[in-house]
Amino acid sequence: MRETPRLAPNPGSHPLRFGYGTNGLTDLRLDDALSLLADLGYDGVGLTLDHMHLDPLGPDLAARTRKVARRLDALGLGVTVETGARYVLDPRRKHGPSLLDPDPEDRARRVDLLVRAVRVAADLGAHAVHCFSGITPAGTEEDTAWKRLAEALDPVLSAATEAGVPLAVEPEPGHLLATLADFHRLRETLGDPDALGLTLDIGHCQCLEPLSPADCVRAAAPWLRHVQIEDMRRGVHEHLPFGDGEIDFPPVLEALAATGYQALTVVELPRHSHAGPHFAGRSLPFLHRAARAIPKGLEGTAP
């Protein structure tokens, strides 16, 4: 029997769908985290594949994925698959190895993880698979790093195309691909493949983009496949709870609604996992309040 979703009423008429990232709930078992988010009224979850949450390298991955898919369906939660686990591939190197590592075998380990993530995403019915480039290794020329990135993503994009799940690359401060301009460089290098999309982190826009976060949303609209959201200050890459940074959220959410974006907008607070349930409980009411100012009828109005 299908379990009745335990969803709190959404107080707004806006078209946006909000989720919360499991990388901010790492002290909870995955099933407990999903139940919490459903109880709080979230529309979905940003599921980071990690050793404690649907370990992508553990045994019986397909069977475990089917179990999670059934649970998501029972709770009425949408999902995006995220691949930013800090130590899932190497217990000594944060986010290592990356797509830019000098050792081709190390790069292949990251490629394998991303291909696994695509398959998991397809089995979960996920909106997209998120990834990022990684930091340019010391002593590596920039052109060499871009070549490695393009070559490494080729098999991942092939898997994404076959699975029908977009790959959403995130510009990450300090990485080779750090800005929207860098995303467009990659997109053009690869020949603008249909499977390649963008993860837009609203805090990162505040941190380093020349445009305002709302203008970043408008500029990125054609390629948006996944959105992450948190507060942040200019020039400081620190994910903050809402209200602790400098972002004016109603214009950002209005711009996002106007694009017609229909996938998840996921709260990204990975360094607040020690109090994850508290921040998950605070974040959704904040977003609903910010979204109430969105005029009706904005869905799909972007050119």
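In the predicted model, Thr48 is found in strand E2, where helices (H or I, at least four residues) and strands (E, at least two) are DSSP runs numbered from the N terminus. Residues are numbered from 1 along each chain as its sequence is written, and side-chain values use heavy atoms, with hydrogens and water left out. Local features need pLDDT of at least 70 and side-chain atom pairs count only at pLDDT 80 or more, whereas totals for chains, interfaces and linings use all residues.

Thr48 has a relative accessible area of 4% and is therefore buried (under 20%, with exposed over 50% and partly exposed in between; 1.4 Å probe, protein chains only). Leaving aside residues up to four places away in sequence, Thr48 touches Thr22, Asn23, His53, Glu82, Gly84 and Ala85, contact meaning heavy atoms within 4.5 Å.

Strand E2 (44–48) is also among the elements that cover the buried residues of H3, as are helix H2 (61–75), strand E3 (78–82), strand E4 (129–131) and H4. Those buried residues include Asp106, Arg107 and Arg110 as well as Leu113, Leu114 and Val115.

Helix H4 (residues 142–163) packs against helix H5 (residues 180–189) at an angle of about 60°, their axes being 10 Å apart; axes are lines fitted to C-alpha atoms, for helices over the stretch in contact, and angles run from 0 to 180 degrees between N-to-C directions. Glu142, Asp143, Trp146, Leu149, Ala150 and Leu153 of H4 meet Asp182, Arg185, Leu186 and Thr189 of H5.
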